[in-house]
Amino acid sequence: ERGRALENAFFAEKDRELLEQLKAQLDLSTQRDKLSAATGITDAAVLDELAAASLNAESIAALSLAPLVLVAWADGNIESAERDAILKSAEKSGVRPESAAGQMLSNWLEEKPAENLAELWKDYVEAIGEKLPVGEKIKLVEQLLDRCNEVAEAAGGFLGLGSIAASEKAVLDELRTVLKS
């Protein structure tokens, strides 16, 4: 009888572990489906990467603002004029401060984002770039580069007019390369 009790306890623990694994797989699958619906991305590896970065269908809009944040942080800090330019761009994009995307953006503006943000954004752009018609992609690239330039120019030179810092220019050049490919 004691042996049967131990056996039942063992299998009950195994069942609980298996149920947790199934639930985690189902949650990941659901999150992957929602991300796919929000972005049009179908590549499971990219969707898993987005999910692992705690992005969801609601916060994916923040990822589209990542290049602006990367430009602003290029010199190691964010000037108030750069912050204002990013927030203005976010507002134009429909990102409200109280939304998940707005909160993620706010966090990125307060504390430098993780190093993998640029890589995550590149994967995102590559995946959605495959879905867009050429004309739309060109328009999107031009708009994004214009917004990035506005951020870079916001704190540059005298009274916000003039040159762009070398570190910001390097990030802009890298973004151009990624977007034009």
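Here are legends for a few close-up views of this predicted model.

Residue numbers start at 1 in each chain, following the sequence as written, and side-chain values use heavy atoms, with hydrogens and water left out. As the model is predicted, local features need pLDDT of at least 70 and side-chain atom pairs count only at pLDDT 80 or more, while totals for chains, interfaces and linings use all residues.

**View 1. Helix α5 from end to end, residues 80–92.** Helices here are DSSP runs (H or I, at least four residues), numbered from the N terminus. How far apart are the end C-alpha atoms of α5? They sit 18 Å apart, which agrees with the 18 Å that its 13 residues should span at 1.5 Å a residue. That expected span is 1.5 Å times one less than the number of residues. After α5 comes G94, whose phi is positive, near 90°.

View 2. An α-helix has 3.6 residues a turn, so residues three or four places apart point the same way.

**View 3. Where α4 meets α9.** Their axes (lines fitted to C-alpha atoms, for helices over the stretch in contact) come within 8 Å and cross at roughly 150°. Angles run from 0 to 180 degrees between N-to-C directions, and those over 145 count as roughly antiparallel, so α4 and α9 are roughly antiparallel to each other. The contact (heavy atoms within 4.5 Å) is made by P67, L70, V71 and A72 of α4 and by E168, V171, L172 and L175 of α9.

**View 4. Two residues of helix α6, A100 and E110.** A100 and A61 are 39 residues apart in sequence and 8.8 Å apart in space, C-alpha to C-alpha. With a relative accessible area of 59%, E110 is exposed. Leaving aside neighbours within four places in sequence, E110 is in contact with W73 and R83.

Technical notes
Parallel < 35°, antiparallel > 145°, perpendicular 65-115°, else oblique. Buried < 20%, exposed > 50% of the residue type's maximum accessible area, 1.4 Å probe, protein only.
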